[in-house]
Amino acid sequence: PGEVIYAVSGDNQYTGTTTVQEGLLSLNETGGRAILGPLVVGQGAGIPAVPREDQGDQIADAQPVTVGSNGLFDLNGQTDTIGVLTITDGQAATGPAGQLTVAALKMTGGTECG
């Protein structure tokens with residue numbers, strides 16, 4: 001697995017669940033949001049699954065983000081607001097100067113770090 005870059009202008013039209021099972025998904029949408037539905041990161045063991053925000057506000061505000069054991073939700077120093085953040089043995093990182101606002105946080109193992 002390598003890197004997939006999502007970089008277009010305006011909102012993505014797909015509103016279903018986006019699942020990152022392994023590899024890097026670079027979210028670099030300009031003038032809109034890349035993820036309009038729920039985001040699921042990692043499915044267990046294996047190659048790390050990492051959606052990384054290269055622009056801020058890439059996920060629709062009310063949408064849930066679920067991070068599994070081989071997942072890392074990487075805000076990469078950006079700012080975003082999401083719905084419920086559920087971490088099950090995965091990781092969420094804001095990076096330097098990053099700010100993540102969540103509706104609620106549910107954790108079973110895993111880590112949240114700056």
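The model is a predicted one.

We can begin with the strands. An open sheet is built from five strands in the order S2-S4-S6-S8-S10, with parallel pairing. Strand S2 (18-20) and strand S10 (99-108) lie at its edges; each has a single partner strand, so one side of each has no neighbour in the sheet. From one strand to the next, the twist averages 20 degrees. Within this sheet, strand S6 (residues 65-67) pairs with strand S8 (residues 79-88) in the parallel sense through three bridges. Val65 has Leu85 in S8 as its bridge partner.

Another parallel pairing links strand S3 (residues 23-27) to S5, with five bridges between them. Here Gly23 stands opposite Ala49 in S5. Strand S5 (residues 49-53) is mostly covered, as four of its five residues are buried.

The largest nonpolar core holds 17 residues, of which Ile35, Leu39, Ile59, Val65, Val67, Phe73 and Leu85 touch the most other members. Two or more residues of this core come from each of S3, strand S4 (39-41), S6 and S8. The most is given by S8, with three residues.

Ser26 is a polar counterpart worth a look, and its place is in strand S3. With a relative accessible area of 2%, Ser26 is buried, because the cut-off for that class is under 20%. Beyond residues up to four places away in sequence, Ser26 touches Glu3, Val4, Ile5, Tyr6, Arg52 and Asp54.

Asp57, found in the loop between S5 and S6, has a positive phi of about 55 degrees although it is not a glycine. Asp57 is partly exposed, with a relative accessible area of 33%. Asp89 sits in the loop between S8 and strand S9 (91-93). The phi of Asp89 is near 65 degrees, again a positive value in a residue other than glycine. At 47% relative accessibility, Asp89 counts as partly exposed, since exposed would require over 50%.

Technical notes
Residues are numbered from 1 along each chain as its sequence is written. This is a predicted model: local features need pLDDT of at least 70, side-chain atom pairs count only at pLDDT 80 or more; totals for chains, interfaces and linings use all residues. Side-chain values use heavy atoms; hydrogens and water are left out. Buried means under 20% relative accessible area, exposed over 50%, partly exposed in between (1.4 Å probe, protein chains only). Two strands pair if DSSP finds at least two bridges between them. Axes are lines fitted to C-alpha atoms, for helices over the stretch in contact, and angles run from 0 to 180 degrees between N-to-C directions. A nonpolar core is a set of buried Ala, Val, Leu, Ile, Met, Phe, Trp, Tyr and Cys residues joined through side-chain atoms within 4.5 Å. Contact means heavy atoms within 4.5 Å.
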